[in-house]
Amino acid sequence: MSTPVFIKFREWLGDAGLTYGYKVQMVQWVEQKSDSGNMKYIVFQPNGGTPRVKDLSADDNVQVVLVSAKNDAQNVVQRAQDILDHVTDNPDDSCLNSVFNLGGMPTPIPTEEGRTVIRLLFRCTA
């Protein structure tokens, strides 16, 4: 059984140091009980793609959700830009084949608790 692409994408960003300082989560954001508002999160989610037929190429979409610490939007915006830059500079990868950003930098979403959420979308062609 092969590793899902969204997990490979998490490993790829982790190897580049882009998950450092963030609580890494899979599929959904769950605020930790010990979090007093200072913790930052990065969540990796599968987000559709194209059909996979035997050995033919297919696309897997991966959504990366960045959640800032409370009242700390600038750091999460900068990390989102760092991820976008990394994908732009490294579109070919032996593990993911080709990686592309879909949609650029989206509008940051504020939460009632004072956090900022940024959702980045990527296409991985395998």
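This is a predicted model: local features need pLDDT of at least 70, side-chain atom pairs count only at pLDDT 80 or more; totals for chains, interfaces and linings use all residues.
Residues are numbered from 1 along each chain as its sequence is written, and side-chain values use heavy atoms, leaving out hydrogens and water.

**Salt bridges**
- Searching the whole structure turns up two salt bridges (a side-chain nitrogen of Lys or Arg within 4 Å of a carboxyl oxygen of Asp or Glu).
- Asp-59 pairs up with Arg-123 in one of them, at 3.7 Å from N to O.
- Asp-59 sits in strand β3 (residues 59–67) and Arg-123 in strand β7 (residues 116–125), so this pair ties together parts that are 64 residues apart in sequence.
- Arg-123 is partly exposed, at 27% relative accessible area.
- Glu-11 bridges to Arg-10, with the closest N and O atoms 3.6 Å apart.
- Glu-11 is partly exposed at 37% relative accessibility, and Arg-10 is partly exposed at 25%.

**Overall fold**
- The chain has two helices and seven strands (DSSP runs numbered from the N terminus: H or I of at least four residues for helices, E of at least two for strands).
- Along the sequence, the order is α-β-β-β-α-β-β-β-β.
- Of the chain's 126 residues, 37% count as buried.
- The C-alpha trace spans about 45 × 30 × 25 Å along its principal axes.

Methods: Buried means under 20% relative accessible area, exposed over 50%, partly exposed in between (1.4 Å probe, protein chains only).
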